[in-house]
Amino acid sequence: MKALRYHRKPVKYAASRLASSLRTGSGAAYGPLDLSEPKELALPSAEWVRVRPQLSGICGSDLATVEGRSSRWFEPIVSFPFVPGHEIMALDSNDRRVVIEPALGCVSRGITPPCHWCASGNLGRCERITFGCLRPGLQSGFCADTGGGWATEMVAHPSQLHAVPDELSDLDAVMIEPAACGIHAAMSAGSLDGAVVAVIGAGTLGVLTVSALSTWNRPAHLIVGAKYPEQIRAARAGGATEVVETNGLLRAVRRTVGCLAVGDGDLERLAGGADVVFDCVGSGASIDNALRMTRPGGRIVLVGMAGPTNIDLTPLWHREVALAGAYAYGTEPFLNGRRTFDAAIELAGTAQLGRLVSATYPLERYTEALDHAANAGKRGAIKVAFDLRAQPKRTTLTKEPSA
């Protein structure tokens, strides 16, 4: 068994944070992540099974952890050493392809009766992620007892496993978990019929949120702010009405709704604005930007994982804007109670989401892989993943990087 394990080493955590502040993507070479051959994980209970990851994506939350930028909020709800990776296509004991729904709720933890949220199918809201037969861990990939996708083997509860339809490619399959996040975000805003919607960011989460909106919750006008050429192309292919460069998003919203602007420079904002803004970045700058372009009484959905930041929330109060998070997945009332993962499997096929996987790497080249993922946009990429299939080849590009 080979695994990339993340240890609790504060000095190395600080080193990765410093390195990444000097050059984005360099933190993995200095941080508490190492490639080793640990002992086989014990099964947490008789129900659990072993699976063999084949492809595992690199997520923004993984990068924040590796580069020392994650919030201290997570400290009590993870356990060390953990193997990162929660966007996983794996093989079960019968060599059948499965994807893992990584949220660790009451059922997987052996807790009965389940909490209210788990009973309703919303595992992402589980109240008992530090209890039961597992050590703390909000998801597989952040729990020492389960392992994660950045390894040749891990353990999973049968309730976490979803069969991959034969018609989906391996690359389509590894996009199912992030697609579920995008769908959950898109459905969380309720009906957007007739609405003007803005999406900040066109990385993986942004493009998948756009695809979900276009498929199930189409607004009257869907404007996306993207930073790089490949992101612009992907957002257009996903169904955006209009795609503009990130710094032009506020002007595009103003033009669409026909409202006035107030102030200038750092104080510029719209008097009206978009009905709903999806922030798929999660930085202090992007949240501030969302507050500037959301109409009074509007809604901001925070899709990208936010880190520690200093944000002026005065406009949230003054304009009575709702700020809501969109984490993980569960059951979707807007889709008549359908499971998010079921919808994501459908979207992976109809939208051919495997096209978003730009490059794959073997575990042994993890510093290169993480550097590529951290700089995906400027290198013409959307999603970068680890390839743990038999005899992994050199870096595989599914498309030529943009200039």
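**View 1. Three bridges join strand 4 to strand 5 (residues 97–100), and the two run antiparallel.** Strands here are DSSP runs of E with at least two residues, helices are runs of H or I with at least four, and both are numbered from the N terminus; two strands pair if DSSP finds at least two bridges between them. This is a predicted model, in which local features need pLDDT of at least 70, side-chain atom pairs count only at pLDDT 80 or more, and totals for chains, interfaces and linings use all residues. Residues are numbered from 1 along each chain as its sequence is written, and side-chain values use heavy atoms, leaving out hydrogens and water. Look for Met-89, which stands opposite Val-99 in strand 5. The hairpin of strand 4 and strand 5 has five residues between the strands, and in it Asp-95 takes a positive phi near 60°.

**View 2. Strand 4 also pairs with strand 3 (residues 49–57), antiparallel and through four bridges.** Here Pro-53 has Ala-90 of strand 4 as its bridge partner. In a regular strand the side chains alternate between the two faces of the sheet. Strand 4 is covered on both faces, with Ile-88 and Ala-90 buried on one side and Met-89 and Leu-91 buried on the other. Buried means under 20% relative accessible area, exposed means over 50%, and partly exposed lies in between (1.4 Å probe, protein chains only).

**View 3. Tyr-6, Phe-80, Phe-82 and Phe-142 come together in one aromatic cluster.** Rings of Phe, Tyr and Trp (its six-membered ring) pair if their centres lie within 6.5 Å; planes under 30 degrees apart are stacked, over 60 edge-to-face, and the rest tilted. The whole structure holds six aromatic pairs. In one of them, the ring centres of Tyr-6 and Phe-80 are 6.4 Å apart and the planes meet at 35°, so this pair is tilted. It links distant parts of the chain, 74 residues apart: Tyr-6 is in strand 1 (residues 3–6), and Phe-80 is in the loop between helix 2 (60–66) and strand 4 (88–91). Tyr-6 is buried at 4% relative accessibility, while Phe-80 is partly exposed at 22%.

**View 4. Tyr-329 and Phe-341 make an edge-to-face pair, 5.1 Å centre to centre with 85° between the planes.** Tyr-329 sits in the loop between strand 15 (322–325) and strand 16 (331–332), and Phe-341 in helix 11 (residues 340–350). Both residues are buried.
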